[in-house]
Each structure stands twice: as structure tokens, then as C-alpha cells.
Amino acid sequence: MSSGKKPPLIWVNVLLFLVSFMLAVIVAPWYGYEFGYSAEHWIWLGITYSFCNLSITAGYHRLWSHKTYEAHWSLRVLFAIGGAFALQNSAIHWSSDHRVHHKHVDNNDKDPYSAKRGFWYSHIGWMLRQYNQESYADYSNCRDLQKDKIVMWQHKHYLALVLATNIGIPLLLGVIYQDIIGMLLMVGIVRLVLSHHSTFFINSLAHIWGSQPYTDKNTARDNAVLAVFTFGEGYHNYHHIFENDYRNGIYWWQYDPTKWLIKSCAWLGLAHKLRVTPKVKIEKAKAKKVLTTATKNIKMLPNASQLNEALNAEFESFVSKLSDYYELKKQLVEAKKSDLAKKYEHSVLLIRYQQLKQELENQRRSWNSLVAQYV
Ligand SMILES: [Zn+2]
Ligand SMILES: [Zn+2]
């Protein structure tokens with residue numbers, strides 16, 4: 001509940017976050033100042049940080065929570081280990097929370113990390129007290145994951161995996177490079193704190209700071225700066241409207257290494273059935289958002305109702321042109337693939353397609369110039 005007495009603290013979490021943070025900001029820099037860190041410390045910090053975060057973004061998030069693709073068992077084992085190394089609870093627990101977050105986004109009583117409860121709560125506060133105690137081990141929204149043997153294996157042996165990775169990996173590197181404390185600090189602590197907070201920023205900052213190109217029905221934002229620290233998860237406005245897409249940054253110039261990793265794995269045969277949102281849906285969502293903003297902005301103008309009519313009419317013709325264009329494009333692709341496609345039919349389609357493409361361009365120009373005055 002959002003009001004009344006606060007539930008009791010979860011001391012394990014409080015101490016874990018507090019102690020690791022203090023070690024990372026005070027002891028690790030002091031140790032570096034006194035004894036120095038070598039290139040190996042920095043390289044392994046980068047490798048393990050990437051391993052943890054990509055296991056969360058490509059594994060916990062896009063694979064398990066949203067089922068945006070299917071992955072080979074070897075990849076799932078890697079993600080399960082990396083997820084435990086990232087210390088963000090088991091994959092099934094994380095996914096269960098995350099599915100509720102999407103279903104009830106911004107609902108202060110249901111969304112486990114509702115951004116409407118403020119930065120602190122959505123960033124870390126939600127994990128410090130027993131807010132969701134009654135539904136803590138309810139995984140009924142993850143029945144599909146309960147069939148994944150690797151997910152259940154990780155859940156069962158979560159603590160052992162946490163200890164083996166968080167202590168074992170830095171210790172091993174410490175022995176190899178003969179600096180156990182240095183590696184425990186950099187690969188153990190600094191990596192953990194960086195990985196924790198960069199992921200937490202998705203729940204906090206990515207619901208506060210940035211643009212809303214696709215929808216303003218929830219608080220999620222697109223933010224290119226955040227995308228850099230979060231391996232592509234900064235395009236959160238897009239993600240909340242099209243959560244089944246394996247991409248978050250859909251344009252080639254948007255920084256989304258998680259998408260590149262999944263695509264590369266597909267080329268290697270380790271990932272398949274990658275799901276993407278049809279372009280027509282994306283374009284329609286964008287136009288709808290522009291319409292909503294323009295409608296709000298013209299409200300106070302004296303000729304608001306006239307403008308409103310004009311805007312809606314232009315929107316309708318743009319959207320219907322979009323549908324026609326993408327429908328024909330689909331037919332063209334299918335005709336090309338099909339052996340039965342006669343050359344003549346194909347060429348007729350092609351001519352119509354080129355016409356329609358031009359018509360859509362004109363329609364788009366007219367729509368853009370109309371709304372440009374009001375958004
Ligand atoms: Zn979100
Ligand atoms: Zn999500």
C-alpha cells in the first residue's frame with residue numbers, strides 16, 4: 001500500500017547495498033591510490049561488468065521476461081550464471097516482478113517499482129522493505145519459465161551460484177594476477193555496484209528523464225544517454241509499448257548492444273525466432289502520439305474545434321495510407337518468394353507499390369507540415 005506505516009526493513013538487502021556502495025566509493029579508490037590498479041584490473045572490470053549486464057538485459061529481460069526470442073541451452077546457462085553474478089535475484093523472480101511492472105505500470109499499489117512513487121523508491125527503495133511480501137514467491141505469471149529446466153536449476157541453486165561467481169571469479173583472478181584484494185575490490189565490488197545501479201536506472205531514470213515518441217500513457221522515456229550505460233535499455237518508451245520486440249533501439253544509429261548480441265547469436269545459430277514489431281504499427285504509434293500532443297496544444301486556441309477536425313482528418317488519411325503501403329509491401333515480398341508468382345503480376349504489383357510509396361511520401365509531408373505548428 002502507498003500509505004500508512006512503512007513495512008519492516010529487509011536488513012540483508014540494506015546491508016548489502018550499503019556496504020558494497022561504501023566499499024566501492026571509499027575503499028576501492030583508496031586501495032587504487034595506495035597500491036595502484038593495473039590494466040588487467042580495468043579490463044576484467046569491463047568484461048565482468050558487461051557479462052553481468054548483458055545477462056540481465058539479453059537474458060533476464062528480453063529472453064525470459066518478454067520471450068522476444070528463443071535461445072540455445074548453452075546461452076541460457078551463461079545468462080543464468082551471469083544473472084546470479086549480477087546479484088539481482090533468480091531469473092524467475094526477476095521476470096515475475098518485471099511482468100507485473102509492465103502489466104500494471106505506474107500503479108502504485110501493483111507495480112513493484114512504480115515510478116510514480118518517486119526516484120528513490122523505483123531505483124532501490126522498493127527492495128529495502130517488505131513491500132511485496134504477500135506475493136513474494138508467487139510465480140503464477142511465469143508458468144512458461146517453470147518449464148525451463150535451466151531457469152529452475154538457477155532458482156534452486158541461486159545462493160550457491162551467487163557465492164561461486166561473486167567470490168570465486170574475483171578470487172581466481174586475484175590468484176592469477178597476484179592481487180587478491182585488488183581483484184576482490186574491482187571485479188567483486190566495483191563491478192557489482194556499477195552493474196546494480198545501471199540496471200536500477202531503468203526503473204528510476206528511464207521513467208523520469210527523456211522523450212516519449214511513442215506513448216504518453218505511462219511514464220517510460222527514451223533516453224540515449226541511459227542507453228549507453230544500460231546496454232541499450234534506455235529506449236524504454238519504445239520498450240513499454242512494444243515489449244515483445246527483441247530490440248529496444250530500433251534504428252541502426254541507436255545504441256543497443258543487447259540487440260546486436262541477440263542478432264549475432266542468431267547468426268551463430270544460438271538464438272532464433274527473433275520477434276520484431278511490424279513497421280506499420282511503429283509508425284502509427286508515433287503519429288498517434290503526435291496527434292495527442294497537438295490536440296492538447298491547440299486546446300486554448302480560438303479555432304480549436306476547426307483545427308481539431310483538420311488534424312484528425314489528416315491523421316486518418318495518413319494512417320490509412322500507411323496501412324495500404326505496408327500491406328502492398330507485404331504482398332510484394334510474398335510474391336517475390338513464391339515460385340508461382342508470375343512475372344506479369346509481380347511487375348503490376350511493383351508499379352502500384354512505387355506509386356503508393358510516392359503517395360505515402362506526399363501524405364507524410366502534408367501531415368508533418370500540419371502538425372509542425374502545434375507540437
Ligand atoms: Zn519500465
Ligand atoms: Zn521490460
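Student: Hi! At what angle do helix α2 and helix α9 pack?

Tutor: Helix α2 (residues 39–65) and helix α9 (residues 180–203) pack at about 35°, and their axes are 9 Å apart. Axes are lines fitted to C-alpha atoms, for helices over the stretch in contact, and angles run from 0 to 180 degrees between N-to-C directions. Helices are DSSP runs (H or I, at least four residues), and strands are E runs of at least two, numbered from the N terminus. This is a predicted model, where local features need pLDDT of at least 70, side-chain atom pairs count only at pLDDT 80 or more, and totals for chains, interfaces and linings use all residues. Residues are numbered from 1 along each chain as its sequence is written, while chains are lettered from A and ligands numbered from 1 in the order in which they are written.

Student: Which residues of α2 make the contact with α9?

Tutor: Among them are His41, Trp44, Leu45 and Tyr49 of α2, and α9 brings residues including Met183, Met186 and Arg191. Contact requires C-beta atoms, placed from the backbone, within 7 Å.

Student: And where's α4, and how does it pack with α2?

Tutor: Helix α4 covers residues 91–103, and it packs with α2 at about 60°, with the axes 10 Å apart. Gly59, Tyr60, His61, Trp64 and Ser65 of α2 meet Ala91, Trp94, Ser95, His98 and Arg99 of α4.

Student: New topic: which domain does UniProt place at residues 44–263?

Tutor: The unreviewed UniProt entry puts "Fatty acid desaturase" there. UniProt positions use the numbering here, feature names are shortened, and annotations may be inferred rather than shown by experiment.

Student: How much of residues 44–263 is helix?

Tutor: That span is 58% helix and 1% strand, and its end C-alpha atoms lie 25 Å apart.

Notes:
Contact = placed C-beta atoms within 7 Å.
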